[in-house]
Amino acid sequence: MKHVRLNLFVYSLFLLIFAAGSTGQTENNFEISKNLDIYATLLKELDKNYAEDINPGDLTEKAIDAMLETLDPYTVYIPESNAEDYKMITTGQYGGIGALIQKNGDYVIISEPYEGFPAQEAGLIAGDKILEINGKSMKDKNSDEVSEILKGQPGVELELLVGRIGMNDPLSVKVIRKEIKIPNIPYSGMLTGGMGYIKLSNFTQNAGSEVKKAFLDLKNNNDLKGIIIDLRGNGGGLLNEAVNICNIFVDEKLLIVSTKGKVASKNQDHLTRMAPVDKEIPLAVLVDQGSASASEIVAGAIQDLDRGVIIGQRTYGKGLVQHVVPLTYNSQVKITVAKYYIPSGRCIQSIDYFHKAENGLSEKIPDSLISEFKTKNGRSVYDGGGIEPDVYMDPMKLSKISQTLITKYLLFDYANLFASKNSSIASPEEFEISDDIFNDLIAFLKDKTYDYQTASEEALEKLKTNAEKENYFDAIELEYNALKSKILHDKGEDMITYKDEIKMILKDEIVGRYYFQKGRILASLSDDPEIARAIEVLQGSETYLAILDGTLKPEKRESEEK
């Protein structure tokens, strides 16, 4: 039976030869046929002669993954077992329990259940340690392995054995998988000064219509003076949904993005198709280094058409288009087929995967190849690395102590402990971390291990290493030790120095225990410097118009230079 499966697999490989021929790439057919024949022969000889039984499927998947790694990170093989994950990326839907999970110690834990979905309805809470699923131990399983078990056919009941803070004995929880639809918009609402706000987290199916509905709700029910679209951390998704979102604010029949690749039949101009909802309302788009792909199409098109102001940090720089091609046995491959170009004509891809350096690695587009383009109003914009914002904001840089408290899950654990002792808190807009809560956190951390090095300590350690290599250390050892004692950090002092920062992070964690993702967003709005800046720009009509007509030019920042 094993040989039958192997022969079927080899047969399916040879079918690819004819698929290649049908695309007009006939000049490669001999090389494809030759190398498939070599591969199939090798696999059969391994199967017949290797000292132990081999797993042809596993070997082949590894070979495919290794082959695709030489191309670009977006061209990937999708086996049948990962079809559910791909479905989630494109549609926002999957069969599962509706919860975020992460590895913490020997087990995977629930980091946050989605509000209104099976995990939350069954009583699972953040911090629950997944000990068993259907009687099978989850010890030493990673997040992907546990996720694969939790996802699957809707309607199937799973029995989870979980460890919970404050409980001596494990808790058995029965949860039934459902079709989970992750919302594209976790929150929309009004801010101060008549400004509307829409947080867009995904570009899955219907993202455009959902943004349109959210905008109309804000416009029809309020005296709307401006609108902020928040694309920070949005890694993109469906290209057509990006076009639909732009269409809300710009005329129909306008070019938003073009795709251009080797195969002419796959080249396409994507134009707006509908009459706009509002062409005049002041618009700000928030972006950061996590804004990619479809987020960059929206931000770039809005900038190129001078329809709104882009605020934040330079975006990721993903200007490549993928198509999913079905393969045999319900597998698929996602292939990079083209680059996309926004209205000014620029491609904002930051890494050149098609021309490798001498060391075989892909590198960023060099400054010498960056070109200048013009927006509709004649403003200068550039290709070669993401969307440069019109109004730059320094990204938040967390202190070493905050980074350590996060990565060691200590703030996460304290929030779980807090929630176990407090049945409710104030609304997300009103809740604050009091000094009593902060002092309780300090007491909680007293017996915890969370050492770290400050930037100064790291620099000093590097100095010592270099001095020892160059035989200078003996001469400076006294000065080194004196300097080390002066800059040696004190965790207690750092807790006070970075008190406001730690409070902000802890507030987000605790609010999430009671009000989930929507609550986290609500709690952050009043303290968000980029939202505050967006409101300021939209309210100051002279500044807003001066940015768009090019009379107010963005500052050149060293941190943003390539």
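Student: Which helices each supply at least two residues of the negative patch?

Tutor: In this predicted model, α13 (455-469) and α14 (473-487) each supply at least two residues of the negative patch, and the patch itself is formed by Glu461, Glu468, Asp474 and Glu477.

Student: Why does Asp474 count as exposed?

Tutor: Asp474, whose place is in helix α14, has a relative accessibility of 69%; exposed means over 50%, and therefore Asp474 counts as exposed.

Student: What makes the contact of Arg232 with Asp230 a salt bridge?

Tutor: The closest N and O atoms of Arg232 and Asp230 are 2.8 Å apart, and because the cut-off is a side-chain nitrogen of Lys or Arg within 4 Å of a carboxyl oxygen of Asp or Glu, the pair qualifies as a salt bridge.

Student: Are Arg232 and Asp230 buried or exposed?

Tutor: Buried means under 20% relative accessible area, so Arg232 at 14% is buried, and Asp230 at 1% counts as buried too.

Student: Why is Lys448 called partly exposed?

Tutor: Lys448 has a relative accessibility of 27%, which lies between the limits of 20% and 50%, so Lys448 counts as partly exposed; its salt-bridge partner is Asp447, which at 63% counts as exposed.

Student: Which residues are linked with Glu509 in a network of salt bridges?

Tutor: Glu112, Asp508, Arg513 and Arg520 are linked with Glu509 in that network, and for Glu509 with Arg520 the closest N and O atoms are 3.8 Å apart, a value that still meets the limit of within 4 Å.

Methods:
Residues numbered from 1 in each chain as written. Predicted model: local features only at pLDDT ≥ 70, side-chain atom pairs only at ≥ 80, totals over all residues. Heavy atoms only, no water. Patch = residues over 30% accessible without salt bridge, like charges linked within 9 Å, V, L, I, M, F, W, Y side chains within 5 Å. Areas by Shrake-Rupley, 256 points an atom, 1.4 Å probe, with all protein chains shown as cover. Lys, Arg positive; Asp, Glu negative; His and termini not counted. Charge placed at Lys NZ, Arg CZ, Asp CG, Glu CD. Helix = DSSP H or I, 4+ residues; strand = E, 2+ residues; numbered from the N terminus. Buried < 20%, exposed > 50% of the residue type's maximum accessible area, 1.4 Å probe, protein only.
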